[in-house]
Amino acid sequence: MKVVPATVANITAAVKEILAGNLVVMPTETVYGLACDATNPDAVKKIFAAKKRPSDNPLILHISSLEQLQAITTSFDARAKKLADRFWPGPLTLVLRKHPDLNSLVTGGLDTVAVRMPAHPVALSLIKRVGRPLAAPSANPFMGLSPTRVEHLDRRLGRFISLALDGGPSRVGVESAVIDCTEPSVRILRPGSLSRGEIQAALGEPLARPPRSLVRKSPGMYTRHYAPKATVVLAKRLRPDQAGLTFMKPGNPNQIKMPDDARAYMASLYDAMYRLDKLGVDTIVVQSPPSKPEWEAVHDRLAKASALK
Ligand code: TXA
Ligand code: MG
């Protein structure tokens, strides 16, 4: 895998790779994405093969302008528009009705499609210069932690990657909020850095409770996911001999002190877990974060990381 700084010349090289049907790692403000031309079925197949991702697990289409929605969806209604107006470009993915001509490999056979306009300037420039939507899941093997720095990229996944653009650490650090706009009431399928309150305020109507079976509505929502190699357990506090993430003064070199602020915590969570994996610890003990609304995405990811294998 060739990792290069995201300069104008290297973005040009990445555009060429994508137009040739190859896979490129692109920085986004949430996490790094494994990107390809969403309109090229062979390229989309390469993504599923590289990640060992089941073919019914749909990908997110990344756009750089609202005009690109025309070929993607038939249902960009007033509710979706309000959310896009407020949060795009940004860490928000909208699930909309799929355009009948859009290749259904990318949507895992569903009649809905997930779309996001990322805020990272490198991602926006890459999409704009390719001139087509880019399909991009997080750039990690299936079930693993999403990379928030190029140093996190998996070597085996690297065999499938033509070029990786280094755009620095991802500012947000957890994957985008996924919002379903295809039902009578809008609902959050995957919480992200934007809080429920912020989303509700932009929408001007209450969000529905999450569906009972998220797995059926969104095939990519597994119980175990976003997991490091080590076993993750949650605890009230860490013992001095344990490895993990703490809010207190670290008791040993394998304890990482985490920020008290939810956004800052999100931005460093995956990097902290990658670092402990690299040290080879068997178990990562995570001191439970506060039960406040702004911590929803952190609780979601920790619950998935600690679910049994
Ligand atoms: O922040 C992000 O969203 C990152 C960056 C790279 O943009 N991407 C990302 O993609 O996290 P991925 O593939 O790792 O996660 C996409 C999630 C999956 O949980 C999938 O089930 C859900 O979006 N999804 C995609 N299409 C959907 C659809 N039509 N209906 C419901 N859920 C969908
Ligand atoms: Mg992912």
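Four strands build an open sheet in the order β11-β14-β12-β13, and their pairing is parallel. A second open sheet has 10 strands with mixed pairing. The model is predicted: local features need pLDDT of at least 70, side-chain atom pairs count only at pLDDT 80 or more, and totals for chains, interfaces and linings use all residues. Residues are numbered from 1 along each chain as its sequence is written, chains are lettered from A and ligands numbered from 1 in the order in which they are written, and side-chain values use heavy atoms, without hydrogens and water.

**Terms for strands and helices**

- Helices (H or I, at least four residues) and strands (E, at least two) are DSSP runs, numbered from the N terminus.
- Two strands pair if DSSP finds at least two bridges between them.
- Strands of a sheet pair through backbone hydrogen bonds, either parallel or antiparallel.

- The edges are β11 (231–235) and β13 (255–257), and each pairs on one side only.
- Neighbouring strands here are turned by 25° against each other on average, direction ignored.
- β11 and β14 (residues 283–287) run parallel and are joined by five bridges.
- Thr231 stands opposite Thr283 in β14.
- Helix α8 packs on this sheet and touches β11, β12 (244–246), β13 and β14. Contact means heavy atoms within 4.5 Å.
- The direction of α8 makes about 150° with that of β12. Axes are lines fitted to C-alpha atoms, for helices over the stretch in contact, and angles run from 0 to 180 degrees between N-to-C directions.

**Helix α8 and its partners**

- α8 (residues 262–278) packs with α9 (residues 296–306) at an angle of about 20°, with the axes 10 Å apart.
- α8 and α9 are therefore roughly parallel to each other. Angles under 35 degrees count as roughly parallel, over 145 as roughly antiparallel, 65 to 115 as roughly perpendicular and the rest as oblique.
- Their crossing is right-handed. That word applies if the near helix is turned clockwise from the far one by less than a right angle, and left-handed if anticlockwise.
- On the α8 side, the contact uses Tyr265, Met266, Leu269, Tyr270 and Met273. On the α9 side, it uses Ala297, Val298, Arg301 and Leu302.
- By class, this contact of α8 with α9 has eight nonpolar, no polar and one charged residues. Ala, Val, Leu, Ile, Met, Phe, Trp, Tyr, Cys and Pro count as nonpolar, Asp, Glu, Lys and Arg as charged, and the others, Gly among them, as polar.

**The 10-strand sheet**

- The strand order is β1-β8-β2-β3-β7-β4-β6-β5-β9-β10.
- β1 (3–5) and β10 (187–190) are the edge strands, each pairing on one side only.
- Three bridges join β4 (residues 60–62) to β6 (residues 112–116), and these two run parallel.
- Leu61 stands opposite Val115 in β6.
- Helix α3 (residues 78–87) packs on the sheet, touching β5 (92–97) and β9 (177–180).

**Helices α3 and α6**

- The axes of α3 and α6 (residues 196–203) come within 8 Å and cross at roughly 120°.
- α3 and α6 are therefore oblique to each other.
- α3 passes α6 in a right-handed crossing.
- Arg79, Lys82, Leu83, Arg86 and Phe87 of α3 meet Glu198, Ile199, Ala202 and Leu203 of α6.
- The contact of α3 with α6 has five nonpolar, no polar and four charged residues.
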